[in-house]
Amino acid sequence: MRYLLQRLGFYLIAGWAALTLNFFLPRLMPGDPATALFARFRGRLAPEAMAALRETFGLTEAPLLQQYFTYLSHVLRGDLGISVAYFPTPVSEVIATGMLWTVFLAGTAVVVSFAIGTLLGIVAAWRRGGWIDSWLPSTLVFLGAFPYFWLAMVALYLLGFTLGWFPLGHAYGDDLTPAFTLEFMADVFRHAALPVGTVVIATLGGWLLSMRNSMITVLGSDFVNLARAKGLAPARVVLRYAARNALLPSITGFGMALGFVLGGSLLTEIVFSYPGQGYLLVQAVRNQDYPLMQGIFLVITLAVLGSNWLVDVIYMWLDPRTRGGRS
Amino acid sequence: MPSTSRATILLLGLALWSVPTGCARPRPTATEGVLVVSQEMQSSWVRNFNPLTTATAARWPTLAGIYEPLFVFNSVRTEYVPWLGVSYEWRDARRVLRIVTRDSVRWSDGTPFTSKDVVFTFELLKRHRALDRRGVWAFLSRIDAVDARTVDLTFSRVFVPGFDEIAAQPIVPEHAWRDVVDPVAYANEHPVATGPFTEVRVFRNQIYELGRNPDYWQKGRPYIDALRFPAYPSNDRANMALVFDELDWAGNFIPSVDRVYVARQPDAHRYWFPLTGSSIFLYANTSRPPFDDVRVRKALSMAIDRELLVEVALYRYSRPADATALSDGYAAWRDSVIAASGDWVRYDPAAAEQLLDEAGLRRDAQGVRCLPDGTPLSYDILCVSGWSDWVRAAQVIARGLSAVGVTSNVRTNDFSAWFQRVQEGQFDLSLGWSFEGPTPYLFYRWLMSSATVKPVGEATMGNWHRYGSATADSVLDAFEREADPAEQRRLADEMQRTFVREAPAIPLYPNPSWAEYSLARFTGFPSAEDPYADPSPNKFDRGECLLVLTTVRPR
């Protein structure tokens, strides 16, 4: 328990550091939201609009430090401010439109990829030299080495555009109303197939390889040999003895991947027009929308810290050594 | 272990079997009479129909489709079309603008539209400076309703071009907006409006649909039942939807449109890119020598191969600019004789070399031209990273300038960094846009009026090259006070003559207005054969897309 509390304290400090960076980094960019709007219009916006825009966005000339403390106090009250790019919608509302879809899309992709990759890794290590071991890792690593953007475009072009098996984008059919009906759910899954599929293909190799390698190390250790010598069933040796221990490094990676779910699905969402949060971040940066940027970064930070904490908990459960509070 | 391999084979089989049954892409549900449009690039929609706040906050076509302006400006025919206002006249030595509003117009909730609504709208702008996007209260002093159909706008000074800004203002209903506490941050989710499309039928994060106004004041119009807007996050995605006929109308840039879009369905897919966009310039910072010398500016201009430039940068969608720099949006104002007299936009490296020699910029031993004090001429041409048309144009320019002994390199900056540098005048050469307006007044004002020149280091919205011309000042000043069309033409000619003579900036090409549409389900879009208006959905700022929205009809 003390271990978990210690970690919690560490996360609080990390959270504060991230909040501070969230505030200062966007403000180091030249320009402001009002000028960014002119980029989109290239001369179609009258020069007079500038004064009105500055007035609208309430750009203050207050000292940065003062703005920083106002920001901190607002965040603590859960007030993320008003988005500039989606004026006058509050940031929390803007983020809410995309977050669930991103969590669903990228979360599914990470979980599926981790589960399949790890299982294949176990199989590959157990049947070392078999065809899974000799073909799958290299093929998957090869696929994963392509830039994700390209892979996704090719998948969209071949499977969506040319063959017409999958929809070209969006999270569900445009003519459907979101509801907890079987039809709607099926449609959501059909729309998610291609984005999730491409992410899984691109990341599978990493999971497989890391699990396979740590399995091989563990399989060579004495306690596994002992288990074998005692004549335990092979499945029990692999799963209860070897895999459980070999899983630890992968769990760390899994926690990281889970944390990056909210920020990392940007490319997927752009290629497949998925109404998620990744695209919001692009919009926020393009429009120098400080409040929205801060809001999204905050959510990402919390997700990373939260999932790391989750990993700590899982570690405690998987690895008895962490439980004793060893120093 | 044989059982494992059997399981693997089973799984693989399952996977292979499930792929083809992922069922074929459903063709878009083409509901009859519903026009599918893409104008904004977003991944999900945020509900906002406020026509008064920032141009991008409200969903299209809030400014010209849900709400309407007093007069619509047709940039293809260069004329005003009476809309909520039926006529206007200048009174009291052009100090008062009297506008007569249309009778028989009703707001979508049934309340009659009157002159009171116009007065209310403008007073709202006065109370909330943030809403005054066109800066009308810089020249207005008061507004009064004379009777239920007549409005008097009193000017604080004689300023005839002010009409353009008043005409374009979308009008909101007093009865629905009177009690809005903060109209700046008001999302106006249920618009009460006068336009052809006022009923929000569907609003979800991926799609929204606007139904026709059943009591629209143009009886029988609009002919289409509803507008539908799928959210596409990128140009590429919207173009794909166009190619697949999921979209009926869009305003995107498409590379090689004939091959990519038209060839896909030659009997239905159409585009028309009239050159009514803003003109693109190469700005030379005239606060720095040698660009203060008109001969140098003209020489640089003659060193640029514009034919090559429009081919490389713009797939030949545009034409080389003439010496008046006016786009086709000013076709009615442009004087072809004056334009032809400006020979400095023709590609002529020999003449350019001669002019540079005359200006005293001799070549040194390495062949690089130098200032009289010996500083070699070596410049960065600034452009915005990611704006590939500009970058390619800058490369053509750099090659041309270097050939006549002025070493130039293309330097791309992030938009904000670029914008800051040009605004503050911290550059030598840069690409840039120009401003659009119904008359050449605004365009030339921001190119050569002394009133727009700011000292280097101070940010300015236009005239980044910092050029002021005494001749232009007096002509622009006279134009501000002139309401007679014939006299206005004469003054506009004078502006063109001044520009051709002084070459304040180096025009490159007029930007096209992008528009693609499919005739598979709808007809009546503007085209080169029937150029009744600008075809682009992007032309909403002065109400022009209302002309298209009220003309397009189902087949």
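This is a predicted model: local features need pLDDT of at least 70, side-chain atom pairs count only at pLDDT 80 or more; totals for chains, interfaces and linings use all residues.
In helix α13 of chain B, the residues B:F415, B:W418, B:F419, B:V422 and B:Q423 are buried. Look at where they sit around the helix axis. They span an arc of only 125°, so they share the same side of α13(B). An α-helix has 3.6 residues a turn, so residues three or four places apart point the same way.

Next, move along chain B to helix α14, residues 440-448. How many of its residues are buried? The count is 9 of the 9, so α14(B) is largely enclosed by the rest of the structure. The buried residues are B:P440, B:Y441, B:L442, B:F443, B:Y444, B:R445, B:W446, B:L447 and B:M448. What do they pack against? Their partners are α15 (470-480) and α16 (485-502) of chain B.

Now step back to the whole of chain B. It is divided into three parts. Domain 1 is made of the stretches 3-50, 185-272 and 515-554. Domain 2 covers 66-177, and domain 3 covers 279-510. Taken over C-alpha atoms, the centres of domain 1 and domain 3 of chain B are 38 Å apart.

Most residues other than glycine have a negative phi, and most peptide bonds are trans. Against that background, start with the peptide bonds. A cis peptide bond joins B:W60 and B:P61, with omega about 0°. B:P61 is in the loop between β1 (34-38) and α2 (62-66) of chain B. Another cis peptide bond joins B:R221 and B:P222, where omega is about -10°. B:P222 belongs to the loop between β9 (207-212) and β10 (226-230) of chain B.

Then turn to phi. B:R316 is not a glycine, yet its phi is positive, near 65°. It lies in the loop between α9 (306-314) and α10 (336-341) of chain B. B:A325 lies in the loop between α9 and α10 as well. Its phi is near 70°, again a positive value in a residue other than glycine. Is B:R316 buried or exposed? Its C-beta atom has 11 others within 10 Å, so B:R316 is exposed. For exposure, the cut-off is 12 or fewer. B:A325 has 30 other C-beta atoms within 10 Å, so it is buried. For burial, the cut-off is 20 or more.

Where do the two chains meet? The contact takes 49 residues from chain B and 51 residues from chain A. On the chain B side, the elements that give two or more residues are α6 (235-243) and α13 (415-423). Which element gives the most? It is α13(B), with 5 residues. This is the helix we began with, the one with B:F415 and B:W418 among its buried residues. By type, the chain B side of the contact divides into 24 nonpolar, 17 polar and 8 charged residues.

Cross over to chain A. Its domain assignment gives domain 1 (2-76) and domain 2 (97-324). Their centres, taken over C-alpha atoms, are 32 Å apart. The contact between them takes 19 residues from domain 1 and 14 residues from domain 2. On the domain 1 side, α1 (2-27) and α2 (33-41) of chain A each supply at least two residues. α1(A) gives the most, with 12 residues. The domain 1 side divides into 13 nonpolar, 3 polar and 3 charged residues.

Finish with a pair of helices in chain A. Two packed helices are described by the angle between their axes and the distance between the axes. Here the pair is α5 (residues 91-126) and α13 (residues 277-286), both of chain A. They pack at an angle of about 140°, and their axes are 7 Å apart. That angle makes α5(A) oblique to α13(A). Which residues meet? From α5(A) come A:V94, A:I95, A:G98, A:M99 and A:T102. From α13(A) come A:Q277, A:G278 and A:L280. The residues of this contact divide into 4 nonpolar, 4 polar and no charged.

Terms used
Residues are numbered from 1 along each chain as its sequence is written. Chains are lettered from A and ligands numbered from 1 in the order in which they are written. Two residues are in contact if their C-beta atoms, placed from the backbone, lie within 7 Å. Helices (H or I, at least four residues) and strands (E, at least two) are DSSP runs, numbered from the N terminus. Ala, Val, Leu, Ile, Met, Phe, Trp, Tyr, Cys and Pro count as nonpolar, Asp, Glu, Lys and Arg as charged, and the others, Gly among them, as polar. Axes are lines fitted to C-alpha atoms, for helices over the stretch in contact, and angles run from 0 to 180 degrees between N-to-C directions. Angles under 35 degrees count as roughly parallel, over 145 as roughly antiparallel, 65 to 115 as roughly perpendicular and the rest as oblique. Domain bounds come from an automatic or database domain assignment. The arc is that of the directions from the helix axis to the C-beta atoms.
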